[in-house]
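Dear colleague,

I am handing over the structure below for your use. My findings follow directly after it, and I would be grateful if you read them with the structure open.

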Amino acid sequence: MKKSVFLGTLAASALMAGFASAGTLDDVKARGELICGSNTGLTGFGAPDANNNWTGFDVDLCRALGAAVLGDPSKVKFVPTTGETRFTALASGEVDLLVRNSTWTYSRDTDLKLDFVGVNYYDGQGFMVKKDLGILSAKELDGATVCIQTGTTTELNLADFFKSNNISYTPVTVADDAEAQRQYMAGACDAFTTDASGLAATRATLPDPDNHIILPEIISKEPLGPVVRHGDNQWGDIVRWTLNALLTAEEKGVTKANAEEMAASSTDPEVRRLLGVEGDMGTMTGLDKDAFKRAIMANGNYGEIFAANIGESTPIGLARGLNELWINGGLQYSPPFR
Amino acid sequence: METATPIFVRNEMLGPKEPPTSQRGVVKWFRENLFSTPLNSILTVIGVAFVYLVLKTVVPWVWNGVWTASSLSECRQIIAETLGPDSHAACWAMIAERWKQFIYGFYPMDSYWRPTLAFALMFVALAPVLYFGIRHINVRMVGAVGVLLMIALWGLGTDGAHIGLALVLMAALTAVAWVAPKKLVWLTLLYPAIGFFLLWGGSVWGPVGALLGFVILAFVWLGLQRQVGVVVAGGIALITAAVWWLSVQTHVTGALHAAMPIGLPPVRSDQFGGFLLAFVIGVTAIAASLPIGILLALGRRSDMFLIKTMSVGFIEFVRGVPLITMLFVASLLLQYFLPPQTNFDLILRVIILVTLFSAAYIAEVIRGGLAALPRGQYEAADALGLDYWQAQRLIIMPQALKISIPGIVSSFIGLFKDTTLVALVGLADPLQGITKIARADINWKGIYWEPYLFVGLIFFACCFSMSRYSMYLERKLKRDHR
């Protein structure tokens, strides 16, 4: 009896949550604020700076979305979520979307009733070792001690990699990135493994970056992207096409600085549709026709956002690699605006 | 007739001689305390060597730390230049740049005076409670808090108007502490509303309305308790106040705000962080859990079946569940059961569950105090013809609470330190949350000990003061001659 009451309540609240999330766009507009689930602090991707302003690669995508939906990139509230709380925060409606380095996997997309609407960063797990070990490939790491964060998929990937290559290792488990860096520097482990973007940032902040190399093997696929709830396709479309607009803008050479000018003078029909001069692309998703132009003008196109936060001119110094546009040999590919 | 004193007899007394060198002063102390046996001598040498080794690494590391630099690599460069390559020293520059975030979180920078003033007023509000309205202590405390507040506000670069306002306020409070120290207790009663208003801002009428609810509660209770008894009167008063809070208050305060829009710019809970967050959660939970804990302890010893069962059930359930579970319930589960789109603040949810958690522990500590009272005290209270509440108030509780002081303070210290666990639900506590944010800055990535030491030092200062106060209180309340 008690159990059935409990389950009934659960079902009823799930149903109500379902109704509420039927119109995330309307909720956001009524609230006048976009609530973006973010990281609790990840170098280059999202963290508040010393003046309490959120900055980072993921943050800029949220701001572009805020500009598209509400017309103002500053009307975004960032809610820090941890690895444990992120998906529940999204499912319960506490945040409108997650942009916080979440890997797109089958079970998350289906079983957790979430939708990954795109990939804004292709990452993968790599290794960093000291140069004087004389190792040039991860397959030579037989018998090595490896610093690894516990309770993450990187731990499982590591085990898989060593097993499939028939070599052994000793894990040194650490709680977080900072501890891993300290242990690695103190010589407690021969190799440190985490996402390649994190390795690059860590290497850049070592006292002697030149004495450390990141091995060429990338042992996992980590497509990171924005996540929305299942069942609200309009909202999913908005997030997906805002990201695509930023990619198309880079492909077509539309930047933060020249967007207005391009809108006035460009003769390329796709640019004209993207910037809302021709057709009614924005209104098809429930926004207005200038929505994508505003998104581009918030922090620039995909390439500009990349360069400003994590690109080679920043101290983090990530190469575009897989995140290069498809025309330059990368994987970033936007379907056409038509 | 005096006989001549023989030559070998001394006429005057000899003055006392100093004990031999081995039996006095430092040497004696050393011999007795450090080198009394061969084993003790060896242990002393080992201990001193250990302390020396630790200090030899730690003190230069702390002392040679760099205070001005814009990044960790610059720190390392400066250290390498001044101390030579391969030397290690702290990089305090990170604390120098980020200390405001460690203290205030993401609170708007031009409003730093508000939490600072609220913090100062907290001590003024505590003074009459902690020191029973003893005049000289209260005046000294309020005066010292006032001076420190002025220095802090000036250091934070607050504008003149707010410093002036705070100066007048603190001067007035010092005067009150001088003239009528017991009257300061009114500030204590009003403090929850004042603190809320200063921290969260918004219309002044909201907190005023909430206070009015308590006034209604008090009047109804006082008016009815003679006729229907303490408990029933309490229930009726609570219902009346709830009606006011839930349905009437918003209309009244809305009308008042429309007529007289006085207020401060609102600050959202998610802008709280660092020690501000730790203090908001810790102080609220400490203040609220003591009365709830007392009621639960009494409930557990009650003869009434229902009250007893409910108290026992609550206490045992809460004590059987880890605090982290409660925090996850606050953060994740409650959101599913509440109606969608209800904006039930995460910090408020966390405060409520931390309070309930702490109350269960306090209840058990106080029950220990109640159990330690001799049976005769209860019988004496009955023999005097006191009813239950009078007996509790006048005879039982003062003694039981006195016995429980060390346990209560221990619980409070533990609770205050446990506030750092809120990092697990994504709140920016000083230890993990803000540290992680500071490290996410590429300039400070790779820094490890400095933020922990800084935060640890502040926590130590707070917890050590609480501990010293509890010792003062124990001495002060000591009535026996053991």
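In this predicted model, the centres of domain 1 and domain 2 of chain A, taken over C-alpha atoms, are separated by 31 Å. The domain assignment places residues 2-122 + 224-328 of chain A in domain 1 and residues 125-220 in domain 2. Where the two domains of chain A meet, domain 1 contributes 8 residues and domain 2 contributes 5 residues. On the side of domain 1 of chain A that touches domain 2 of chain A, there are 4 nonpolar and 4 polar residues, with no charged residues.

Chain A also holds an open sheet of 5 strands, in the order β10-β9-β11-β8-β12, with mixed pairing. Its edges are formed by β10 (169-174) and β12 (212-214) of chain A; each has a single partner strand, so one side of each has no neighbour in the sheet. From one strand to the next, the twist averages 30 degrees. Strand β9 (residues 144-149) of chain A runs parallel to β10(A), and 6 bridges join the two. Within β10(A), the residue opposite Ala144(A) is Tyr169(A).

Two residues of chain A deserve a separate note for their backbone angles. Asn52(A) is not a glycine, yet has a positive phi of about 70 degrees. Asn52(A) is located in the loop between β2 and β3 (54-55) of chain A. Asn52(A) has 17 C-beta neighbours inside 10 Å and therefore counts as partly exposed, since a residue is called buried at 20 or more and exposed at 12 or fewer. Lys113(A), likewise a residue other than glycine, has a positive phi near 60 degrees. Lys113(A) sits in the loop between α5 (106-110) and β6 (114-116) of chain A, and with 14 C-beta neighbours inside 10 Å Lys113(A) counts as partly exposed.

Chain B contains 18 helices and 2 strands. The radius of gyration of chain B is 29 Å, whereas the globule rule gives 23 Å for 482 residues; the value is well over the rule, so chain B is more spread out than a compact globule. The C-alpha trace of chain B spans about 105 × 80 × 50 Å along its principal axes. Of the 482 residues in chain B, 31% count as buried. Considering contacts in chain B between residues at least 6 apart in sequence, 72% join residues at least 24 apart.

Chain B is divided into domain 1 (23-63) and domain 2 (102-107 + 267-482). The C-alpha centres of these two domains of chain B lie 40 Å apart. Ala180(B) belongs to the loop between α7 (160-179) and α8 (185-200) of chain B. Ala180(B) has 13 other C-beta atoms within 10 Å and is partly exposed. From Ala180(B) to Met94(B) there are 86 residues in sequence and 46 Å in space, C-alpha to C-alpha.

Finally, the two chains touch each other. Chain A gives 33 residues to this contact and chain B gives 29 residues. On the side of chain A, the elements that give two or more residues are α1 (2-20), β2 (47-48), β4 (76-80) and α7 (177-186) of chain A. The largest share, 5 residues, comes from α1(A). By class, this side of chain A has 15 nonpolar, 15 polar and 3 charged residues.

Yours sincerely

Technical notes
Residues are numbered from 1 along each chain as its sequence is written. Chains are lettered from A and ligands numbered from 1 in the order in which they are written. This is a predicted model: local features need pLDDT of at least 70, side-chain atom pairs count only at pLDDT 80 or more; totals for chains, interfaces and linings use all residues. Domain bounds come from an automatic or database domain assignment. Two residues are in contact if their C-beta atoms, placed from the backbone, lie within 7 Å. Ala, Val, Leu, Ile, Met, Phe, Trp, Tyr, Cys and Pro count as nonpolar, Asp, Glu, Lys and Arg as charged, and the others, Gly among them, as polar. Helices (H or I, at least four residues) and strands (E, at least two) are DSSP runs, numbered from the N terminus. The radius of gyration is taken over C-alpha atoms; the globule rule is 2.2 Å times the number of residues to the power 0.38. Two strands pair if DSSP finds at least two bridges between them. Axes are lines fitted to C-alpha atoms, for helices over the stretch in contact, and angles run from 0 to 180 degrees between N-to-C directions.
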